[in-house]
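Subject: Structure for you to look at

Dear colleague,

I am handing over the structure below, and after it you will find a short account of what was found.

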Amino acid sequence: MTKSRALREARQTLRRLRDLHPDAHCELEHDGPFQLLVATVLSAQSTDVAVNAVTPALFRRFGTPERLARADQPTLETLIGRLGMFRQKAKNLIGMAKALCAEHAGTVPASLDALVALPGVGRKTANVVLGVAFGAAEGVVVDTHVQRLSQRLGWTKQTTPEKIEADLMKAFPRESWDILSHTLIFHGRRVCTARSPACSGCGVSDVCPSAFRAEGVGRKPPRARSTSA
Ligand code: SF4
């Protein structure tokens, strides 16, 4: 298959997936860019469900950069203690809030460079915030679902998030980068799960190169699986 035909087919498959999941969206509950930034930092190595269980109490108490910057770390640790790496996350959140207050007048900056300069904020977190809160993704968010689905659908042969992101950025136009991630995450959670992909009920099985043989494709090695959400 030529490269241009493969690209056309990938974009057509994304359109079909979007039709299958028209409600695909970020499932981290939040109100505004700051809460989204906090929730996304908390989501590392944790599920969105687990994060959504702790954020209401967290935001009631520390729902602004100013209040979070003054938070006492042990109190914050108690509030997020059911999440993985909660001590490191609590430290990062306080540092991040202090930097927002000191360098950005308590507002969340809308650029990748400024976001990744904040404590605890990596490229993936920054792109979630840019895409969801500002509609201006500067990359594709590659989480475990996007990684697995991209490999199963034959959109990449790469195995690291950075290289997969580069392939997806080349294959899809910038305006679809944000919805691409949400759509793959929705499909990955509801249909093409890591352990039991439901190929017989999948709406793109006719074009998926991994259909009915996907169990071994795009899964992390057992050791990595045991340490990730
Ligand atoms: S056909 Fe199977 S492997 Fe391919 S996207 Fe659908 S569920 Fe996943």
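Helix α2 (residues 33–42) is mostly covered, since 9 of its 10 residues are buried (buried means under 20% relative accessible area with a 1.4 Å probe, protein chains only; helices are DSSP runs of H or I of at least four residues, numbered from the N terminus). Among the buried residues of α2 are F34, Q35, L36 and L37, and its buried residues pack against α3 (48–62), α4 (65–69), α5 (73–80), α6 (86–104) and α8, where contact means heavy atoms within 4.5 Å.

This is a predicted model, in which local features need pLDDT of at least 70 and side-chain atom pairs count only at pLDDT 80 or more, while totals for chains, interfaces and linings use all residues. Residues are numbered from 1 along each chain as its sequence is written, and side-chain values use heavy atoms, with hydrogens and water left out.

In helix α11 (residues 177–190), 10 of the 14 residues are buried, so this helix is largely enclosed by the rest of the structure. The buried residues of α11, including W177, H182 and H187, pack against α1 (3–20), α8 (123–134), α9 (144–152) and α10 (161–171).

With kind regards

How values were computed: Buried < 20%, exposed > 50% of the residue type's maximum accessible area, 1.4 Å probe, protein only. Helix = DSSP H or I, 4+ residues; strand = E, 2+ residues; numbered from the N terminus.
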